[in-house]
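Here is a short report for a reader new to this structure.

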Amino acid sequence: MAGAVAAAATESPNNGAALDAFAAEVAGCTRCVLAQTRTQVVFGSGSPAADLMFVGEAPGFHEDKQGVPFVGAAGALLGKLLAGIGLRREDVWVCNVLKCRPPGNRDPRPEEIEACESHLFRQIELIGPRVVATLGNFATKLLSGRPDGITRVHGAEQEVVLGGRRVVLYPIYHPAAALYTPRMLEVLSADFRRLPELLAREPAPVAPPPPLRPLEPMVAEPAVQLGLF
Ligand code: URA
């Protein structure tokens, strides 16, 4: 594994097989209208046992053609930022809120996000990342469950439970937004540099189940003398 950052979790032989099986299932998804216009489902790519997962918005033109997320200019920037913290695309998992391209790269619609979100939650469940970095507004709002926009919450990590797992959710700017705005690129780069620290954090212990209430000892009731006579 590259660099000083431990981002790839202990590889479980089952992760990859289960994820492949799930990808094959999702490849035929017809839950929303995007199935009619896509070239193919863009499931995600990288390590099936990654500790670090990135969630973008939706595939664009090139992603739809190649079946791989973040292959355009935004993807090149993502790769560069990863290299800056000693990681490669193969060390992390990269995917999107929507697995199919919206025509003309329009914004995802609420009903499309709703139809697609269980695919993302299942990916999180199967991969088991420690840190989920949401790229931009759509992924951040979906996974935080809050309406706060990325400008307000970028760089502020929070612990959440996703796909039945406790993870550190880390909202950052979308690389596409930072491509042509130098100030945004500076902020994105600074937020990115905190990823090694977040990955090194001890996972918070899962709260133990509340103790069972001890059974009341069976104490023989003193015989009540009914005053019948
Ligand atoms: N490419 C993707 O795969 N997702 C985005 O959000 C942007 C570009």
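## What covers helix H5

The buried residues of helix H5 are covered by several elements, including strand E2 (52-56), helix H4 (110-127) and helix H6 (150-153). Strands E4, E5 and E6 are also among the covering elements. This is a predicted model.

Helix H5 spans residues 137-144 and is mostly covered. Of its 8 residues, 6 are buried. These are Asn137, Phe138, Ala139, Thr140, Leu142 and Leu143. Gly145 follows H5 and has a positive phi, near 70 degrees.

Strand E6 covers residues 165-172. It is largely enclosed by the rest of the structure, because 6 of its 8 residues are buried.

E6 pairs with strand E4 (residues 131-135) in the parallel sense, over 5 bridges. Here Ala133 stands opposite Tyr170 of E6. E6 also pairs with strand E5 (residues 158-162), in the antiparallel sense and over 5 bridges. In that pairing, Gln158 has Leu169 of E6 as its bridge partner. E5 and E6 form a hairpin with 2 residues between the strands. In this hairpin, Gly163 takes a positive phi near 55 degrees.

Definitions and conventions. Residues numbered from 1 in each chain as written. Predicted model: local features only at pLDDT ≥ 70, side-chain atom pairs only at ≥ 80, totals over all residues. Buried ≥ 20, exposed ≤ 12 C-beta atoms within 10 Å, placed from the backbone. Helix = DSSP H or I, 4+ residues; strand = E, 2+ residues; numbered from the N terminus. Pairing = 2+ DSSP bridges. Contact = placed C-beta atoms within 7 Å.
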